[in-house]
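Subject: Structure handover

Hi,

My notes on what turned up follow below it.

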Amino acid sequence: MPREDATSLAALLSAPSELTDPGSSKTAIVLMTRIRLARNVVGHSFPGWAKPAQREEILASCREAVARLPQMKRCFNFAVSDLGELERQILVERHLISRELSGSKGGAGVLISRDQAFSLMVNEEDHLRIQVLRSGLNLKRAWTAINDLDSALEEHLDFAFSPTLGYLTACPTNLGTAMRASAMMHLPALVISNQMEKVVRAVNQLGMVVRGLFGEGSDASGSIFQISNQTTLGEAEEVILKRLGSVLQSIVEHELNARARLLEADAGKLHDKIGRAYGILQNSHLLTSGEAMNLLSLLRLGIDLGLFPDDQRSLIDRLLIEAQPGHLQHAHRGECDAAQRDVLRAARLRAEFASFPRPEVRPANPGAAA
Amino acid sequence: MANPLKCDLCSKPATVHLTQIVNNKVHKVDLCEACAQAKGVTDPGGFSLADLLLKASLTPDATPPAPGTRCPRCGYTPVEFKKHGPLGCPARYDAFATLVEPMLANMHSGVTHTGKVPARSLQRKSLYDRLTKLELDLTEAIKSERYEDAARTRDEINQVKQAFHPDAP
């Protein structure tokens, strides 16, 4: 049986994961791909309407069904009510649970596979929210993985389904495939050259949505954006994924073009930005979360441009998560206020960057990204 | 401002203003801090303006269902539907079809599902329905002393049960 005590969160944090591990040049622009399916069990009220006993019943039956899946062998299994504030925040920062689930009371839980690629939230807006994470741009692989898991789960649970409306969900905006596929993209050059607004408009017209990654609305610190499909009914999963894939591909091309143009127009200015970010990360004593994200984003761009060794990307990606408030406080072993966190964050980054290689500007062909 | 914008959901002064373009149509929503929080506007994973637009799009085109319409399973009424937005149980999609269907065309790229089908679930359901019907037939046949029919029905029941557990001896 999977362990249920909160202490196993420590095991989760120290284990290698799909999100913090890869860091190859394949993840230069698309950090990760995520697909989420909403499923509900037939004959039961949706979580928002269900009585506490009904929620517990769903939690128990979903846990039992999930435990039988080979993909979820020895999975982490948390009841939200057993987790402390910080622990919930950590799971949110690692994209393993949603803010909505972290704020819920009784009968909510999450099951996370050992490699943290699969996470199944129980009693969020729907009975089940199944998620798969894959590093880099990998819609096909992600779909195969989640489709298999969903089919295996269906052996043990009867899902609410209508031939015309598809999978029935608590909110009509998720009807049909009940699938939300998204990619996290690092788009610093589009941000620096003020083209993001144009990209957002174009993407919206294609039925896709752009969001900032870490919840500050459209102000995406770290130049990281999440792009996902808006509609779920009327098209098959493969059709939605194909359309999303081509949108993502064209955003990647725009970002690469924007990088090339920045270098062409004034390479010195861009190198200066990256060099200053390096200096601040090595020497500052106070860093807010937003500033840290932006500095790390510039170093990440520096890696893509060949100013730093390629194998440092995984460190940056890990720090993008570990410099978040929940992770910092957990490492510090206790809650602390924003001002203290800024001190902790700067100290952590100073230590990490003390031995980080210096930026090396080579004279020719610096645009060797992705 | 003399007349500040009010929250679309609760009428408190709105401080969060959102614009989103869906299918070439501009949609605007004004929210107060609390509703923005509650609707997950600050949550990148969970927010969709369409969830909010749902409330606005409910009123004009939708034909109201007959008074007294309720979800047969959980007793939810159209008034509650308008108030709470998201539906309460899967069976409500049938009960409130006239409310839901007009919203879908604006919300999605089609109104009919063409994607994955939970084949195993549906197969189990159709077997279950068939079994229920056959068991009724059997009772009926025995009651009216049609023993040949009863025997045939019993064989069919066994076949269906076998299909439920194909690995069983």
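Two stretches of chain A have a pLDDT below 50. One is residues 1-7, which has 14 contacts in the model beyond near neighbours in sequence; the other is residues 366-370, with 20 such contacts. A contact means that the C-beta atoms of two residues, placed from the backbone, lie within 7 Å. Over chain A the mean pLDDT is 89, and 92% of the residues reach 70 or more.

Two notes on conventions. This is a predicted model, in which local features need pLDDT of at least 70 and side-chain atom pairs count only at pLDDT 80 or more, whereas totals for chains, interfaces and linings use all residues. Residues are numbered from 1 along each chain as its sequence is written, and chains are lettered from A and ligands numbered from 1 in the order in which they are written.

The two chains

Chain A has 12 helices and 10 strands. Its C-alpha trace spans about 65 × 45 × 30 Å along the principal axes. The radius of gyration of chain A is 21 Å, which agrees with the value near 21 Å for a compact globule of 370 residues; this radius is taken over C-alpha atoms, and the globule rule is 2.2 Å times the number of residues to the power 0.38. Of those 370 residues, 53% are buried. A residue is buried if 20 or more other C-beta atoms lie within 10 Å of its own, exposed if 12 or fewer, and partly exposed in between, with C-beta atoms placed from the backbone. For contacts in chain A between residues at least 6 apart in sequence, 72% join residues at least 24 apart.

Chain B has seven helices and two strands, in the sequence pattern β-β-α-α-α-α-α-α-α. In this chain, 24% of the 169 residues count as buried. Of its contacts with a separation of 6 or more, 32% come from residues 24 or more positions apart.

The sheet in chain A

Eight strands of chain A form an open sheet in the order β2-β3-β4-β5-β1-β8-β10-β9, with antiparallel pairing. Its edge strands, β2 (76-79) and β9 (208-212), each pair on one side only. The average twist from one strand to the next is 20°. Strands count as paired if DSSP finds at least two bridges between them.

Strand β8 (residues 179-186) of chain A is mostly covered, with eight of its eight residues buried. M179(A), A181(A), A183(A) and M185(A) lie on one side of β8(A), with R180(A), S182(A), M184(A) and H186(A) on the other. Strand β1 (residues 30-39) of chain A pairs with β8(A) over seven antiparallel bridges, where R36(A) has R180(A) as its bridge partner. β8(A) also pairs with β10(A), over five antiparallel bridges, and S182(A) stands opposite S228(A) there.

Cores and helix α11

The largest nonpolar core has 122 residues, and V110(A), L120(A), V122(A), M185(A), I227(A) and L299(A) touch the most other members. Helix α8 (residues 237-283) of chain A gives the largest share of this core, 12 residues. Apart from it lies another core of six residues, including A14(B), V29(B), L31(B) and C32(B). A nonpolar core is a set of buried Ala, Val, Leu, Ile, Met, Phe, Trp, Tyr and Cys residues joined through C-beta atoms within 7 Å.

In helix α11 (residues 325-332) of chain A, the residues G326(A), H327(A), L328(A), Q329(A) and H330(A) are buried. The buried residues of α11(A) pack against α3 (85-93), α10 (313-322) and α12 (338-353) of chain A. R333(A) follows α11(A) and has a positive phi, near 60°.

Notes. Helix = DSSP H or I, 4+ residues; strand = E, 2+ residues; numbered from the N terminus. Axes fitted to C-alpha atoms, helices over the stretch in contact; angles between N-to-C directions. pLDDT = per-residue confidence, 0-100.
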